[in-house]
Amino acid sequence: MLKYFVSTHRTQGERDNDSNTVPGTELVDIPGKSHEDPDDTYCACARSFVGFISGQATTTAEVAESDMTPVEYIRGFHAKQIALGFKDTPALHASATNDAVHLLLLAACWPVGIVVERRGDEICVRRFPDQT
Ligand SMILES: [Zn+2]
């Protein structure tokens, strides 16, 4: 089974600046950030994950799993970037693969159902699955 991050509404509201405009539940990426402060008043880039499909942002994600293969996940990640308008170059393929593997390795460390949040470049545990 493969573990990966998906958007979630769980624990939304624990932080005053939480938000989730991702419709439903979908795979998420960590977008680039334009500054370091995850609690910036005007811009949520350093605390947000972005949905693969919708392109919408959420401050909370959780670990899910399925029988998707790592190759399928990486292909999806790469395809998503092309769909966003990036030119399909060897450099894009390499960076998409690196970013996808990075996310898979992080997700593999944690149990299914754990809720995580983003603090700049760090992904941190917000709630363990056995907590209510
Ligand atoms: Zn920003």
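**Helix span, nonpolar core and strand pairing**

Helix α1 covers residues 70-83, and its 14 residues should span 20 Å at 1.5 Å a residue; the C-alpha atoms at its ends are 20 Å apart, which agrees. The structure is a predicted model, and the helix length is therefore a check on the geometry of that model rather than on an experiment. Just after α1, G85 adopts a positive phi of about 105°.

The largest nonpolar core consists of 19 residues. Within this core, the residues with the most contacts are Y4, F5, V6, V28, A61 and V116. Two or more core residues come from each of β1 (2-7), β3 (49-51), β5 (60-66), α2 (90-108) and β6 (115-119). The largest contribution is that of α2, which gives four residues. In soluble globular proteins, nonpolar side chains tend to be buried together.

Strand β1 is mostly covered, with five of its six residues buried. Strand β1 pairs with β5 in the antiparallel sense, over six bridges. In this pairing, K3 has E65 of β5 as its bridge partner. Y4, one of the core residues with the most contacts, touches L27, A64, Y73, L103, L104 and A107 when residues up to four places away in sequence are not counted. Among these, A64 falls within the range of β5, and L103, L104 and A107 fall within that of α2.

V115 stands opposite R127 of β7. The two strands, β6 and β7, form a hairpin with two residues between them. In the turn of this hairpin, G120 has a positive phi of about 70°.

The loop between β1 and β2 (28-29) contains V22. V22 is buried, because 24 other C-beta atoms lie within 10 Å, and the cut-off for a buried residue is 20 or more. Apart from its neighbours within four places in sequence, V22 is in contact with S7, G51, S54, Q56 and T58. Of these, S7 belongs to β1 and G51 to β3. The C-alpha atoms of V22 and F52 are separated by 9.7 Å, although the two residues are 30 residues apart along the chain.

Definitions and conventions. Residues numbered from 1 in each chain as written. Predicted model: local features only at pLDDT ≥ 70, side-chain atom pairs only at ≥ 80, totals over all residues. Core = buried A, V, L, I, M, F, W, Y, C linked by C-beta atoms within 7 Å. Buried ≥ 20, exposed ≤ 12 C-beta atoms within 10 Å, placed from the backbone. Contact = placed C-beta atoms within 7 Å. Pairing = 2+ DSSP bridges. Expected span 1.5 Å × (residues − 1).
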